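Please have the sequence and the 3D view open as you read.

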2 protein chains.
Amino acid sequence: MTQARVTQDQQGRKQALAPCLEPCPIERGMRIIGGKWKGSILWHLKEGPVRFNDLARILGGASKKMVNQRLKEMEEQGLVRRQVLSDRPIAVAYEITEFGRSSLAVLEQLKSWAEAHGI
Amino acid sequence: MTQARVTQDQQGRKQALAPCLEPCPIERGMRIIGGKWKGSILWHLKEGPVRFNDLARILGGASKKMVNQRLKEMEEQGLVRRQVLSDRPIAVAYEITEFGRSSLAVLEQLKSWAEAHGI
DNA sequence: TCAACCAGTATACTTTTAGTAACCACGCAA
DNA sequence: TTGCGTGGTTACTAAAAGTATACTGGTTGA
């Protein structure tokens, strides 16, 4: 992001130079990992694949609809992979991708920051 | 956060141990710096205090109402300080606090992560 | 046979967030 | 006196996010 400044023209009217139009990297990044539950989902997948209903149970407060919606979003964004373990007795697990794993560092820092400041 | 697990009782019913009830540090932290525009506001205050209308101009897409709402929230959360520069011709500037500054590290990392992955 | 599990889907609803546009009272300068 | 500046407020709308409950269609185990 370029440092934005504010200038004045000859008539004294003000305008912004390099205004932060909506999608600066921070806003964009937030939209990837900032959604409700997304951090928690990634966090709980870091030890290995987790089945759908187990995830819903772990995320106590979230409804299945929420979990499903978030997982679909995250699959599209490449944070998470859906693997069908078996048909007949249907079984599905969600696994974190390399990309998803790369975001854990940010989440980890956010977590320490939050804990350090008693948030 | 304790690692959550899922167990079964003698009847085969499943339940989550240590479920991630809503406010784990990650979710809580997100709520502090995750709101729309909040990252950008902090970012633009890091070089020094900025006047209200200048901030609104820099944040091109955001309306005064949005900016004002966010600033009030952030003032309550202690991320930002409102200083009245002068009465009579009213002038106000917003300054980042030490607490606000402490969050810049997280934002910085989020920014590099976003840029590194072409988000 | 019954109940509980699996992985969702459907419907309906409420709440929160985002956003527009217009307006206020005041000051300053041409 | 008109227009722009200051720092907001008010009223309203639209869209997103979230909750709650029930349902499908099949499987598994007591």
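In this predicted model, the side chain of A:Lys72 has an N or O atom 3.2 Å from a phosphate oxygen of DNA strand C.

| Side chain | DNA atom | Distance |
|---|---|---|
| A:Arg51 | phosphate oxygen of DNA strand C | 2.7 Å |
| B:Arg70 | phosphate oxygen of DNA strand C | 2.6 Å |
| A:Arg70 | phosphate oxygen of DNA strand D | 2.6 Å |
| B:Asn53 | phosphate oxygen of DNA strand D | 3.0 Å |
| B:Lys64 | base nitrogen of DNA strand D | 3.1 Å |

Which elements give two or more residues to the surface near DNA strand D? They are H4 of chain A, along with helix H3 (52-58), H4 and strand E5 (91-96) of chain B. H4(B) provides the largest share, with 4 residues. Of the atoms of DNA strand D within 4 Å of the protein, 71% belong to sugar and phosphate. The surface here has 12 charged, 6 nonpolar and 3 polar residues.

Now back to DNA strand C. The nearest of the 23 residues around DNA strand C are A:Asn68, A:Arg82, B:Lys36, B:Lys65 and B:Arg70. Sugar or phosphate makes up 71% of the atoms of DNA strand C within 4 Å of the protein, and bases make up the rest.

Key. Residues numbered from 1 in each chain as written. Chains lettered and ligands numbered in written order. Predicted model: local features only at pLDDT ≥ 70, side-chain atom pairs only at ≥ 80, totals over all residues. Heavy atoms only, no water. Near = heavy atom within 4 Å. Polar contact = N/O pair within 3.5 Å; in protein donor to acceptor, adjacent residues only side chain to side chain. Nonpolar A, V, L, I, M, F, W, Y, C, P; charged D, E, K, R; others polar.
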